[in-house]
Amino acid sequence: MITNDSNILRFRHGIYDEICKLAFDDNLNEETTEELIRKLIPGPKPEYRCCIYKEREIVRQRIRLVLGKDTNESELHGGNIVQVIEAACDECPISSYSVTSNCRFCLGRPCKENCKFGAISEGEVRMRIDYKKCKECGMCAKACPFQAIVHLERPCKRSCPVDAISYDEHGFCRIKNEVCVRCGHCIHSCPFGAISSKTDLVNVIKAIKSDKKVIAMCAPATEGQYGANINMNAIRIALKKLGFDDMVDVSLGGDLTAYFESKEWIEAKKENKKMTTSCCPAFVNMLKKQFEDIYKNNMSETVSPMCATSRLLKAQYKDCITVFIGPCIAKKSEAHEFDIKGNADYVLTFGEFSAMLRSQNIKFEEINEEIQEGSIYGKNFATSSGVAKAVLECIKEQGESIDDIKYVNASGSDCKKCLLLMKAGKFPEDFLEGMMCEGGCVGGPSKHLADMDIRKAREALLSKADDRKVYDNIKKYPLDKFSMKRE
């Protein structure tokens, strides 16, 4: 699939590939990274920007992110895993309002008359806006009879579901850390590749080269990402070739979360208490930052499938290192910013995992033999309404009725609308399943294929799953050896 940011992805992933090679060869240092910068930007003429020095600075900041560092020493990042590469963020228009060639230079000058800040004056052939005076109120655009003044909203700001993007006086994008939910939607929306995230690539490579037991945990959204012919067993074999000791399908963690959350739903229904799910870390971030009362009083206390799987593995294998692989940027936030014991040690996106494979010339092989660790309900945690349906199944398995249970599965911007209703006491349903990505985790920012291709491949792979029940699937594990509570 060719997307709007395909060229950016090729360049970004090319840097991932080279850093992975250096890390696997134990040859990653300041000298080799500087050599890599000059290899990627040889000069003497620039290819993307105004000069090779700017291009090299962009690569230098990208490498810092790959190494898990901030792009620079500035305190603006505030520990956010999503960061702005300033050297790449200077091509977007600074102004939000602009006068187009549709301006008729009309005699009434309604735009000028309606501007309260004296920001509009006559130019040579059309009206002009003094951007130092403009307060971006939009009154000029509303007043123009020819609709000649347009509102230009930057793609990063337009894609953000929580309005966490702003700009400084120089026009550089700024991420409001106190608002940002780490969903990563802005990353792929930027046409200049100026927003990216820190990675755990080097730390993961160091871990698998150590004497520690390192286990990969693949998100339920993994099935279908690499086509209908690449099943979870094929992915496990590829991971072992990379040096991982084993791989576990996090749909098993989905079963664990669904079962323990169902107990909360049953009690909440008896108490006539509204409740939200807690699987999506971006949704949890939104609750913590914008709906603190709901976070404290209405959110499920059960850990996410990622954390559940990690705790299970750490209960079975003392001192093992767990690495989550999935389409989610916010999972990095959950692993590194949430204070939850026993959670995943590291998180890789599909793009980062693919870079590791390429760096070692490892390709997926078609494997006929399939493995299944989670129920079909745990597997469907990856899609919108999958969590709620899994919880309802667990309620039924406990002999309780689900006839009068009402729930809403919200994704994207609908999450905030539902939370506002809940805050105002006007949310009519019993439970809210919240996911910040449209369609659920399969629509995450690091998905590997186009939506339709993923959907078709998932349908083919999931059609081979058996019909095991959730509790029957998890009761064989040492559930008494670890906690499923967030705190």
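# A first look at an aromatic cluster and its surroundings

Welcome! Tyr226, Phe350, Phe353 and Phe364 form one aromatic cluster. This is a predicted model, in which local features need pLDDT of at least 70 and side-chain atom pairs count only at pLDDT 80 or more, while totals for chains, interfaces and linings use all residues. Residues are numbered from 1 along each chain as its sequence is written, and side-chain values use heavy atoms, with hydrogens and water left out.

**Aromatic pairs**

- Searching the whole structure gives 8 aromatic pairs (rings of Phe, Tyr and Trp, the last by its six-membered ring, with centres within 6.5 Å; planes under 30 degrees apart count as stacked, over 60 as edge-to-face and the rest as tilted).
- Tyrosine 226 and phenylalanine 350 make an edge-to-face pair, with 6.0 Å centre to centre and 85° between the planes.
- This pair links distant parts of the chain, 124 residues apart: tyrosine 226 sits in the loop between β9 (214-218) and α9, and phenylalanine 350 belongs to helix α15. Helices (H or I, at least four residues) and strands (E, at least two) are DSSP runs, numbered from the N terminus.
- Tyrosine 226 is buried, at a relative accessible area of 14%, and phenylalanine 350 is buried too, at 0% (buried means under 20% relative accessible area, exposed over 50%, partly exposed in between, using a 1.4 Å probe and protein chains only).

**Helices α9 and α15**

- The axes of α9 (residues 232-242) and α15 (residues 350-359) come within 10 Å and cross at roughly 60°; axes are lines fitted to C-alpha atoms, for helices over the stretch in contact, and angles run from 0 to 180 degrees between N-to-C directions.
- The two helices, α9 and α15, are therefore oblique to each other (under 35 degrees is roughly parallel, over 145 roughly antiparallel, 65 to 115 roughly perpendicular and the rest oblique).
- From α9, Ile235, Ala238, Leu239 and Leu242 meet Phe353, Met356 and Leu357 of α15, where contact means heavy atoms within 4.5 Å.

**Backbone details in loops**

- Glycine 43 and proline 44 are joined by a cis peptide bond, with omega about 0°; proline 44 lies in the loop between α2 (30-40) and α3 (52-66).
- Arginine 109 is not a glycine, yet has a positive phi of about 50°. Its place is the loop between β2 (97-99) and α4 (110-114), and arginine 109 is buried at 18% relative accessibility.
- Arginine 182, also not a glycine, has a positive phi of about 65°. Arginine 182 is found in the loop between β7 (173-175) and α7 (185-189) and is buried at 4% relative accessibility.
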